[in-house]
Structure formats: structure tokens, C-alpha cells
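Hi,

Here is the structure I promised to pass on.

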Amino acid sequence: MTATTAAPAIAFDPSDLGFIADPYPTYRRLREQAPVYRWEPARIWVVSRYHDVVTVLRDRRFSLDDSHWEFAAPPPPGALPTPYQSLMKNSLFRLPEVDHQRIRRLVAPAMSPRTLVGLQRDVDAVVGDALARLAGRDQVDIAREFSERIPLRVIGRMLQIPERHEETFRRFGLALIDSISVALSPDEFAATIAPIPAGLDMLNEVIEDRRRDHEPGLLTAWIEAEEAGERLTRDELVALAGSMITAGTDTAVQLVSFAVLDLLRHPDQLARLRADPGLVRGAIDEVLRFDHFGKGGVPRFPIEDVELGGQLIRRGEMVIALVGSALRDPDVFPDPDRLDIARSQAQSIAFGSGPHFCAGASLGRMMSQTAVLSLVTRYPDLALAAPPTFESHAFLRKISSLPVSLGTPA
């Protein structure tokens, strides 16, 4: 097996705002000079070429379970409130492989494109309300005043959260999102997660209501999910709702914002979409390939020594697969730095690959397609009013502000 070789000097700092705004020159240098790169300050391996990234995502020697990490350690007793600990322990992203696959098999039918068709009316209503709030305005911040108003409300409707609980659910969702996305002091963390116990009480109440009345919907489908006698436990069911919020909210917000930004920067592609709205799925998938909002991907931890790209990655080390870099790999995507909304996406890994392919991909597409097409159709003169601003985030290239001029509505 090949021994690890010294890494070339490459400036790699995912926290740098310049990188967040445009990581692609760095990605190119990594692919060309150090496709399997040892990022020593963080003691992490960074993988940047398409085929190596796919290997990390698909090869079962790379585990999602962070208990395999060489530096893994349980939090000190009392460091985290018990309800929060339970949510994190049973999160879809932290379960051991066997439990992760069991739960995915049980819930997948409820997240299929066919099942989600019935949600389109709710998505239309939420997007319509977000558009209505823009009426009469000359300039708005699309990131904060449009994109952010959609995903959490849609997820609340999917989970059959009654109107009387909407504010509790909103606070619960924001607390979950903020608790994992920013660096917080102990006091700030405690304040951030303070709404979580009330949110969990509310979720448990809703779950009991659905057990009694069997009202059709996603939560009911999860409650009734069964395969070969296996069922979701109560903790897994509640944590699954939490995972849906954390995985499906900020990501969808960023997808909508990046789609608006990239289409406005490429007016020829925006004109194609307006002339043929049927291209909207291709437009969203191409934005995901061309300008992926992820800084990398979910970390993986090899359960045995693995040779990859001529480097020896030892058991227990952390590996980050740079999906955004893989999606610009010229060995797989011809002319990768060009936005083309009619491009074939057959080899896209924007929603992951292998056993951890994003379970919410269909939902993310539905929300983003509806939001973006509705906005650009409603406002034919939509234009950037100022450059976007970005903020540091643990996992995302996060657009914090996207000022646009709306123009006259259609």
C-alpha cells in the first residue's frame, strides 16, 4: 500500500469569505495538484476529483458514523441537555450503518416523487404567500425575504403541524438549525437550544394525535412505516423530524438563492427558462452542479486503512469529499465552468451517491423549482441590485444577502 506523501502548498481555508463566494479556483488547484489532500491544520483528508469523491460516498469502508473518528469522544456528563442529546444520537446522520439503512427503507416510500405530488398544492400556497409579501416593493433581499420564507413552512405542512403550533414549530426548527451551523459559546448555545424542549413536547403531542386519527400525510406514513416487523422507535421518529428540518431547510434556502443569483448572472439561460418553463428541473439541477452550495459533504470515517489517489488514509481519520469540486471535474463534465440548463445530469452527484443519497432530493427539487420559476415568471425585469454577500457557516457556502430589483410584475 502506498505511503502518504507530503502535500503541496495549497491555500485551503473554507472559512475564508473569498473561498465561500468562489471556491472554484481552489478546487481546480486541488484536482490538478493534490486530488487527495492532507489538510494538516484540521487533520482532515480532502478529496476533490469526481471518481475519488464517488468512491468515498459509495464505498462502505467509509462510514458515516462519527464514532469511528480517531478523535471521537462523548460530551462530558451534563454538557448537553438530555432532549438535545437524544435528538443528536438518533439523527439520521449519526446512526450506525445498520440503523441508518433500516430507517431509510422504512421512510423512503413517504418521500418518493409520486407520494410528494400531493404536497404540490401546499408548496404553491407557501410560495404564493412569499411572493405576495414582495408586492409593491422596488428592491428586496431575495435571500432573507423570499428564500428563507419557504422551506420551514413547507416542512411544517408535511409534518402535519397544526396552525396553533406553527410558532412553536418555527422556533424549534430555527433552534435546531442554529445549534449546528454556527460557533457558539456555552451561554449562546444554551440560549439557542432553549426552544427545543417545547418543540419536542409539541411534536410528541402531534404524533399521538396522528396515531389516533390516522390523518393522511407524511407523519402518519412514518408512524405506520413497517418492513419485516421493524418499526421506528419514538426517539427515532422524533429525531427523523428533526433531521428533516436540519437537512432540508438551510439547504433549500441556499438552493433557491443560488439559482436566482446564477440565472441573473447568465441572462441567456434565464431567457431559455422563461421561454420553456419545462426546463426548470434541468435549471435547478444544473445550478446544483455549477455552483453547489455545500463546502464539501458529510464527513466520512474509514473503518480500515484505505488507499485512495496514491495516498494512505488510515482507519479513523476524517475524510471530506468536495462534491462541489467533483461537479466541476472536466474529466466528467465537458466545459464544466459553463452554466447550461439543458445539460445532461446523468452523472451528477449533487444529492449524494450510494447508500446515503439524499432522501429529501425530490422535496428539495419541488420547493426550489416552484419558488424559482414563480419568481422569474412574476418579475420579468428581475435584476441584481448589488453583489451578494456571504457568511461563514459550518457546512454551507451561505448567501446571507441577495439584493434584487423586482421591476414591474407581469
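Let's start with Val260, which sits in helix H15 (residues 250-265); helices here are DSSP runs of H or I with at least four residues, strands are E runs of at least two, and both are numbered from the N terminus. Before going on: this is a predicted model, where local features need pLDDT of at least 70 and side-chain atom pairs count only at pLDDT 80 or more, while totals for chains, interfaces and linings use all residues. Residues are numbered from 1 along each chain as its sequence is written, and side-chain values use heavy atoms, with hydrogens and water left out.

Is Val260 buried or exposed? Val260 is buried, at a relative accessible area of 2% (buried is under 20%, exposed over 50%, partly exposed in between, with a 1.4 Å probe and protein chains only). Setting aside neighbours within four places in sequence, Val260 is in contact with Ile142, Val372, Leu375, Leu382 and Leu402; contact means heavy atoms within 4.5 Å. Arg61 is 199 residues from Val260 along the chain, and their C-alpha atoms are 38 Å apart.

Next, the packing around H15. The axes of H15 and H17 come within 10 Å and cross at roughly 90 degrees (axes are lines fitted to C-alpha atoms, for helices over the stretch in contact, and angles run from 0 to 180 degrees between N-to-C directions). That makes the two helices, H15 and H17, roughly perpendicular; the cut-offs are under 35 degrees for roughly parallel, over 145 for roughly antiparallel, 65 to 115 for roughly perpendicular, and oblique for the rest. On the H15 side the contact uses Leu255, Phe258, Ala259 and Asp262, and these meet Ile284, Val287, Leu288 and Phe290 of H17.

H17 (residues 280-290) also packs against H19, at an angle of about 110 degrees with the axes 9 Å apart, so H17 and H19 are roughly perpendicular too. Here Val280, Arg281, Ile284 and Asp285 of H17 meet Arg365, Ser368, Gln369, Val372 and Leu373 of H19.

As for H19 itself, 14 of its 18 residues are buried. Its length checks out: the 18 residues (361-378) should span 26 Å at 1.5 Å a residue, and the end C-alpha atoms are 26 Å apart (the expected span is 1.5 Å times one less than the number of residues).

Cheers
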